[in-house]
Structure formats: C-alpha cells, structure tokens
Amino acid sequence: MKAAVLDGVGAKFQVREVEIDKPKSGELLVKVVASGLCASDLNAIDGKRKLVPFPAVIGHEAAGVVVEVGIESVGFSPGDHVIMSIVPNCRTCSYCMSGRPNYCSTAGNAMAAGGLFDGTSRLSYEGTRINHFLTVASFAEYVVVPASGAVVIPDEMPLDRAALISCAVLTGYGAVVNTAKVKAGSRVAVFGCGGVGLNIIQGARIAGAKTIIAIDITSEKLELARKVGATHTINASSTDPVTEVKKICGGVDYAFEALGLEATIQQAWGSVDVDGGLILVGLLKNGATLTLDADPFVNEQWITGCYFGSANLKKDVPKLIESYLNAHLFLDELISEQIDLDGLDLAFNRLRAGEGARNVLVFD
Ligand SMILES: [Zn+2]
Ligand SMILES: [Zn+2]
C-alpha cells in the first residue's frame, strides 16, 4: 500500500510502497478514506514535541472502512464505517481500571515506542520497521489500529467530515463541555482559531454561552469563527486582546488557549474575570515552563490542563454525529482543502503559516 513516510524531524514526506501486516488480536485493518491534518502532526514533523520515533507514518485524525477484524475485536464487522482516535485503551492498567481510559498507560507506552499495544509495528519498508504515530498512522491507504480506539459511525455520515470529529472536534468541543463544563449564559474567550479553536467556539455556542470572543491574527480565521458561533472577534495583530476583551464584557468566565504559546497563555489568563478559569488546550513544547501573574488566585481564578477534550469516545462521538446531521455542529465550513498524499508537504506549509481551516487528505 502507499503511505507517506517521514524519516525524521524536518524531513519531507516520502510516498513509498509500505508493507502492512494483518491485524492481531484486538486490532482492525481499516481502509483510510480521510485524514485531517492536525497541529499534533506538525508538532511531530517540526520536533516541537517528541511524539514518535522515526521513520514513521504520521496522521491521526482519521475515518475509514473496516476491511478485516482481528480476533477479540468485538463489535466490528468488515464494511463498518469507523473513526479512529488517539485514545485507545487496554481496560487493564490502573488508569483504565479507575475509569480514566484516556490516560491508559499501555497506550501511552505503545505510542512512545511507535508501536501498537504489544510494542510491535504492523508497518515495514524493504524489511525495516516503520513506526505508527499515536497508534493511528493514517497518512496511508490502510491502517492497523487498536479496536478500542475506533468507533462505528452511521453510513450516512460523510467520512471526510467524520475524520474531523476524531481529533479537532472531540478536543475542542470536549474542552468546553467535558473539561470546563461551560455553563449557559457565560462569557468565553478563545485564543487561536485553528481546527481546535474553531471547535471550542462551536462547543461554546452549543453549550449556550452568551458571549463568545474569538481571538486570532488572521481575518480569514476570524470570519470563520463568526460562522461557527463567535459573537465578537479580535484581531490580535493590530490590537491588545486583553484590553479588548475587558471592553467587550469586563472579562470572561472561561478563557481557552489553543495555540500552546506562553505569550497567548498570558493574554488568556489576563482576560479571565474573578472566579473564572483558563483552560490550556494547546500543547506546549516539551520541557516548557510558564510565568504567570499569581494575584488572580486570590479571586479564586483557576487553571486547568486538557487532554483530548476529556473525551468519552462512546458517549461523545454518537452525540457529535447526530449534532452534525441535525445541522447544529458545523463541519463543512471547516474543510478548506482536500489533498492527496503528494500534497502533504505543501498543506503542512499552509498549516504552519496559519492559512485556511482544515486540510484533509482523502483517498478515492
Ligand atoms: Zn489531532
Ligand atoms: Zn489501560
């Protein structure tokens, strides 16, 4: 099968004929139909975060059709449409046993080693092991993934839209609904309107937030932010966002930071009103530290981390798909380009430059 292999940090993608093994116990072989390009892929390509040993096939925001079901992969049949996520779980580690499968240590160890749950890879090129990115590795015609990270979706759900749900939407919407539990009528600010930020905005709209302020440095993204639910926009390239937020509503109950940058985290923290909180959704560089004004803690202001929108796959995915099919969740607007395997390098250049919304790799 054809796959885009990345040989190291900063390398260009090489489209190669990669061997893929059959699925083992608890795994699925899936024909990839669509795979969104996410900032986490870029973090691996640019070395902002150490996410996978190289050479590797990256890509993780994926949807496709099940081709073959490994033994003990209960609940799946060939032909099923599925989305694949970066939160598979082993059901036996201490995190899984205590009801926190998103922190599954078996999955974490597998990802760090670039393998699946048994540590081995199903991918090779001319006899050399190729690693799996975050157990998904979807910049390829086929993937073998842990069944526990996949969810069957209805056939009427378009697979390129479904792919976005598997990372950007679960993360953004989940940050609002699961992590922060945003209350109806509240004031929200979102710093960074990329794939995740736009989904924080629409999550806030669906949660009934009264004021939703989108902050970015490109007018193109701020326009998109309006389309998915922002009530106000601030172009931070020409004005101080903290001053503007205070002018609009005196400060927010929830400030979401979706860029993973210290400067925007400080701005987000500065925008929070008494009793409000900062939710760190963007991932910082490995080893990064933050300096923040400590005075607001007197006003019971709080800060929390967020991983994958504290998502519950089995509960959230069906709800989000129903929401899209009922025209409450906007996904069509979020796809700016469809590309093929040869277009990955250019599409990641667009993502680096902050152009457009989601680029999605699609296969015929
Ligand atoms: Zn992602
Ligand atoms: Zn586990």
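Which domains does the domain assignment of the protein chain give? Here is a friendly walk through the answer and what surrounds it; please keep in mind that this is a predicted model.

1. **Two domains.** The assignment gives domain 1 as 2-153 + 331-362 and domain 2 as 172-309. Taken over C-alpha atoms, the centres of domain 1 and domain 2 are separated by 28 Å. Where the two touch, domain 1 contributes 15 residues and domain 2 contributes 12 residues. On the domain 1 side of this contact, the residues divide into 6 nonpolar, 4 polar and 5 charged.

2. **A helix pair worth a look.** Helix 4 (residues 159-180) packs against helix 9 (residues 313-325) at an angle of about 110 degrees, and their axes are 10 Å apart. Helix 4 is therefore roughly perpendicular to helix 9. If you want to find the contact on screen, pick out Arg-161, Ile-165, Val-169, Leu-170, Tyr-173 and Gly-174 of helix 4. Their counterparts in helix 9 are Asp-316, Val-317, Leu-320, Ile-321 and Tyr-324. By residue type, this contact of helix 4 with helix 9 divides into 8 nonpolar, 1 polar and 2 charged.

3. An open sheet of 6 strands runs in the order 14-13-12-15-16-17, with parallel pairing. Strand 14 (232-235) and strand 17 (302-305) are at the edges with a single partner strand each, so one side of each has no neighbour in the sheet. From one strand to the next, the twist averages 15 degrees. As a detail to check, strand 13 (residues 211-216) pairs with strand 14 in the parallel sense over 4 bridges. Ile-213 stands opposite His-232 in strand 14.

4. Another open sheet has 6 strands in the order 2-1-5-9-8-3, and here the pairing is mixed. Its edge strands are strand 2 (14-17) and strand 3 (19-20), each of which pairs on one side only. Inside this order, strand 8 (residues 123-125) and strand 9 (residues 128-132) run antiparallel and are joined by 3 bridges. Leu-123 is found opposite Ile-130 in strand 9.

5. **Strand 4 and its partners.** How many of the 10 residues of strand 4 (residues 27-36) are buried? The count is 9, so strand 4 is largely enclosed by the rest of the structure. Strand 4 runs antiparallel to strand 6, with 8 bridges joining them, and Val-30 stands opposite Val-66 in strand 6. It is also joined by 5 bridges to strand 10 (residues 142-146), again antiparallel, where Lys-31 stands opposite Tyr-142. A further antiparallel link, of 3 bridges, goes from strand 4 to strand 19 (residues 358-362). In strand 19, Val-362 is the bridge partner of Ala-34.

6. **Strand 7, buried on both faces.** His-81 and Ile-83 point one way from strand 7 (residues 81-84), Val-82 and Met-84 point the other way, and all are buried. The bridge partner of Gly-64 in strand 7 is Val-82. Strand 7 is likewise joined by 4 bridges to strand 11 (residues 150-153), and these two run antiparallel. There, Ile-83 stands opposite Val-151 in strand 11.

7. Leaving aside neighbours within four places in sequence, the contacts of Val-87 are Pro-101, Asn-102, Gly-149, Phe-308, Ala-311 and Leu-313. For a sense of scale, Val-87 and His-328 are 241 residues apart in sequence, and their C-alpha atoms are 25 Å apart in space.

Definitions and conventions: Residues are numbered from 1 along each chain as its sequence is written. Chains are lettered from A and ligands numbered from 1 in the order in which they are written. This is a predicted model: local features need pLDDT of at least 70, side-chain atom pairs count only at pLDDT 80 or more; totals for chains, interfaces and linings use all residues. Domain bounds come from an automatic or database domain assignment. Two residues are in contact if their C-beta atoms, placed from the backbone, lie within 7 Å. Ala, Val, Leu, Ile, Met, Phe, Trp, Tyr, Cys and Pro count as nonpolar, Asp, Glu, Lys and Arg as charged, and the others, Gly among them, as polar. Axes are lines fitted to C-alpha atoms, for helices over the stretch in contact, and angles run from 0 to 180 degrees between N-to-C directions. Angles under 35 degrees count as roughly parallel, over 145 as roughly antiparallel, 65 to 115 as roughly perpendicular and the rest as oblique. Two strands pair if DSSP finds at least two bridges between them. A residue is buried if 20 or more other C-beta atoms lie within 10 Å of its own, exposed if 12 or fewer, and partly exposed in between; C-beta atoms are placed from the backbone.
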